[in-house]
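Here are a few notes to read alongside the model. Take them one at a time, and keep the 3D view open as you go.

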Amino acid sequence: MSHVLHPIEKTIIKLLKTVPSLTEQEIAEKSSLSADQTRRGIEWLKLKNLANVVESEELFVSLGKNGVVARQEGLPERKLVNLLIAKPVLLDELRKKLLDETNIAIANAKRNDWITITKSDVGSLVSLKKEPEQTNEERLILQIGEGRLPVEKISDATALESLKKRPDFVIIESVKSKIISLTEGAKSVDTDAADSGAIDVEADVPRIFAARTHPLKDTINEIREIFVSLGFSEIVGSFAQPSFWNFDALFTPQDHPAREMQDTFYIKDKLAEKFATPAQVKHVSDSHKKGWKYQWNIDAAKKMVLRTHTTCVTIRYLAENRPDEARVFSLGRVFRNEKVSYKHLVEFNQVEGIVIGNKVSLRDLMGIQTEFYRKMGLNKIKFWPTFFPYTEPSLQTMVYNDRLDKWVELFGMGIFRPEVTRPFGITKPVLAWGGGIERIAMLKYGLDDVREFYNNNLSWLRSVPKCQ
């Protein structure tokens, strides 16, 4: 039976005709083939019954960290003996010199019948019976040395078993290899003959993984593109924010649970200095005193936090620019001190947006969200009344997940409360919304665990289609 041979197969056959049996590594070393080409060629020859592949396993022993110390300084019992050569020594004195090795040194020395322990008026006295010869364990440690020794070359199996019982003295490694040889049929194959021109259409081709962006980054870029196409401009802000902009400016009381350390990451020993104008501070303070009926504390507002949302960027933009009309959005990382689970992370990405104008209403906000989701490929949505601290009225977006056959919560939205906008001189209605980007990405890519985006699973990352 004639075979159409690939050049890789011919190279391997020629080599094995000169050397009857070789390992995969030896074939790669003795030929011009890469490790991957060698593996493929062997598999092809095996499928064509032109190569025999015999798998073998060899065990090697090397010294662990404690074994290396013992090779340089001696086993604990040898150190003990060396301290007793001149004269008997009190057990308490030995403990000061041998430290944590004292008990194991005494146990092994007594087992070898090297020492005696007698009680005296001043304490337990340890004496040397005789100066011991080198033990089998010590000889084996020296034999192993700095390298790696095949287990089959160790003649004293008892010494090896003894060292294996000591923690971190020896390391046993298994090395698997394949021995490749030609079948009788392969020995008669003419590797110099020209091929008939036939092409094996079922032969594997090299897999090429082109560079690409992360699926989550693709989602972020897609969201950015959609908002820009809807006439919005992007604004940015710092990860670290004064509590004033992260909480106080959004009418979050200073005793709110969200401001506790178990929910928010505070930056240790870091306070903001000039974080707002005196007028802005006064108006926010007055808003809190009037709305929440408590004494507002500026020191709490100075505490620096890792932003818990991107709304702090939005409200700062409004306070500093006081626009009559605007459409802006922000994208960025936010941080929450939460327990990591299939749906929660301590840091994730969020998108936030606002629209300010004369006659904007909740209906406009619902229309913007509907168009956004439609452009994301999510057509089945509904809005649900809810509560948020700094918007009134407030809505929750619900998107239907066909795969899970249920409604899933996504963005929150509403109109900023007067207590949020009026301290900064803004009297026109401000439509606001925000939500986690990872949740949208989970819907797009059919994931049930948000941690999959950060697991660096190359197999999944390479298989995710660019177009959804």
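1. What covers the buried residues of helix 1? In this predicted model, the cover includes strand 1 (21-23), helix 2 (24-30) and helix 3 (35-47), along with strand 7 (170-182) and helix 10 (184-187). The residues being covered are Ile8, Glu9, Lys10, Ile12, Ile13, Leu15 and Leu16, which are buried in helix 1.

2. Now look at helix 1 itself. It runs over residues 7-18, which makes 12 residues. From its first C-alpha to its last it reaches 17 Å, close to the 16 Å expected at 1.5 Å a residue. As you turn it in the viewer, remember that an α-helix has 3.6 residues a turn, so residues three or four places apart point the same way.

3. Next, find the open sheet made of 3 strands, in the order 9-11-10 with antiparallel pairing. Strand 9 (240-242) and strand 10 (266-271) are its edges, as each pairs on one side only. From one strand to the next, the twist averages 35°.

4. Zoom in on one pairing in that sheet. Strand 10 and strand 11 (residues 303-306) pair in the antiparallel sense over 2 bridges. Which residue of strand 11 is the bridge partner of Leu271? That partner is Lys303.

5. Finally, visit the largest pocket, with a volume of about 1,100 Å³. It is lined by 38 residues, and the closest to its centre are Thr308, Arg336, Gln350, Phe388 and Tyr390. Elements giving two or more residues to the lining are strand 13 (347-356), strand 15 (391-401), strand 16 (406-416), strand 17 (430-436) and helix 18 (437-445).

Methods:
Residues numbered from 1 in each chain as written. Predicted model: local features only at pLDDT ≥ 70, side-chain atom pairs only at ≥ 80, totals over all residues. Heavy atoms only, no water. Pairing = 2+ DSSP bridges. Helix = DSSP H or I, 4+ residues; strand = E, 2+ residues; numbered from the N terminus. Axes fitted to C-alpha atoms, helices over the stretch in contact; angles between N-to-C directions. Expected span 1.5 Å × (residues − 1). Buried < 20%, exposed > 50% of the residue type's maximum accessible area, 1.4 Å probe, protein only. Contact = heavy atoms within 4.5 Å. 1 Å grid on protein atoms, 1.4 Å probe; cavity = no way out; pocket = protein on both sides within 12 Å on 5 of 7 lines; lining within 4 Å. Points joined across faces, edges and corners; volume = space filled by probe spheres on them.
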